[in-house]
Amino acid sequence: MERKNVFLKEIKHEEFEWERSLGNIKEGRGNLGEEMPVLVYRLMQFTMLDVLSRSVGLDQANEYFRKAGFLAGSEFAKRTLDLKVDFDIFIADLQRVLEQFKIGILRMEFFNPETGEIVVTVGEDLDCSGLPITHDNVCIYDEGFIAGVLEQYTGTKYDVREVDCWASGERICRFNGKPIA
C-alpha cells in the first residue's frame, strides 16, 4: 500500500517575506533562543550546495546561491540598516550589525566615490573561516549578500566577487565590488 504524505498537498512556496518567512523567533524558541552553532548553518549551506550541484551543475548551483545571498542581503539591509545616512556612517553601521549578528568582521579597504568600486574584507566569515584549505573561493552566497546590501544603499546594481578566501589559504575573505553599468 502506497503511503501518502498529506502535508505535501498543503505546502507551497511563496516569495520570501521578512515577517512571514522568519516568524517570531523569540516566541518560537523560548528555551533554545535565537542563536545556533555555526556548524548547523554550514551543515545546511553545504548540503544544499551539494544537492543543487548534483542536480543542476556547480555553475548553476553557485548562481542560485549568489541570487539567494542577494535576496538575503537586500532584505537584511532594508530591515537592519539606515539606508539614508552618509557613506562613512553606513559602513560603520554595517560593520556593527554584521558583527552583532555574528556574520563576520567587515573592514573597508578601498572605495572610489567616483566609480563606486569597493573592496571589503570579512574576517571570521560565517561561511568559511576555519574550513580546510582547498585553494578555492567558496563564499558565493556572501558575494550576493554584499551585492544586495550595496544595491539597497546606493540604488545601483553591483557585481561582487570574492578574490581571497579562508578556503584559498587566506585568513580573511576579500570581495571586490563594481557597479554594473
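Modeller: Let us begin with Q152, which lies in helix 6 (residues 140-154). Helices (H or I, at least four residues) and strands (E, at least two) are DSSP runs, numbered from the N terminus. This is a predicted model, in which local features need pLDDT of at least 70 and side-chain atom pairs count only at pLDDT 80 or more, while totals for chains, interfaces and linings use all residues. Residues are numbered from 1 along each chain as its sequence is written, and side-chain values use heavy atoms, with hydrogens and water left out.

Colleague: Why is Q152 called partly exposed?

Modeller: Buried means under 20% relative accessible area, exposed means over 50%, and partly exposed is in between (1.4 Å probe, protein chains only). Q152 has a relative accessible area of 26%, and therefore it is partly exposed.

Colleague: What makes a residue a contact of Q152, and which residues are in contact with it?

Modeller: Contact means heavy atoms within 4.5 Å. Leaving aside neighbours within four places in sequence, Q152 is in contact with S74, A77, K78 and L83. As for Q95, it is 57 residues from Q152 in sequence, and the two C-alpha atoms are 16 Å apart in space.

Colleague: How many helices and strands does the protein chain have, and in what order do they run?

Modeller: The protein chain has six helices and four strands. From the N terminus on, the elements run α-α-α-α-α-β-β-α-β-β.

Colleague: How do you know which strands pair, and in what order do the four strands stand in the sheet?

Modeller: Two strands pair if DSSP finds at least two bridges between them. Strand 1 and strand 2 (residues 118-123) pair over six bridges in the antiparallel sense, five bridges join strand 2 to strand 4 (residues 173-179), and six bridges join strand 3 to strand 4. The four strands form an open sheet in the order 1-2-4-3, with antiparallel pairing.

Colleague: What makes strand 1 and strand 3 stand at the edges?

Modeller: Strand 1 (105-111) and strand 3 (158-164) each have a single partner strand, so one side of each is left without a neighbour in the sheet. From one strand to the next, the twist averages 25°. Axes are lines fitted to C-alpha atoms, for helices over the stretch in contact, and angles run from 0 to 180 degrees between N-to-C directions.

Colleague: Which residues stand opposite one another in these pairings?

Modeller: F111 stands opposite I118 in strand 2, and the bridge partner of L106 in strand 2 is V122. N176 in strand 4 stands opposite V119, and R161 also stands opposite N176.

Colleague: What is found in the hairpin of strand 1 and strand 2, and where does helix 5 lie?

Modeller: The hairpin has six residues between the strands, and G116 takes a positive phi near 85°. Helix 5 (residues 87-100) lies across strand 1 and strand 2, running at about 155° to strand 1.

Colleague: How many of the residues of the protein chain count as buried?

Modeller: Of the 181 residues, 34% count as buried. The C-alpha atoms fill a box of roughly 65 × 35 × 35 Å, taken along the principal axes.
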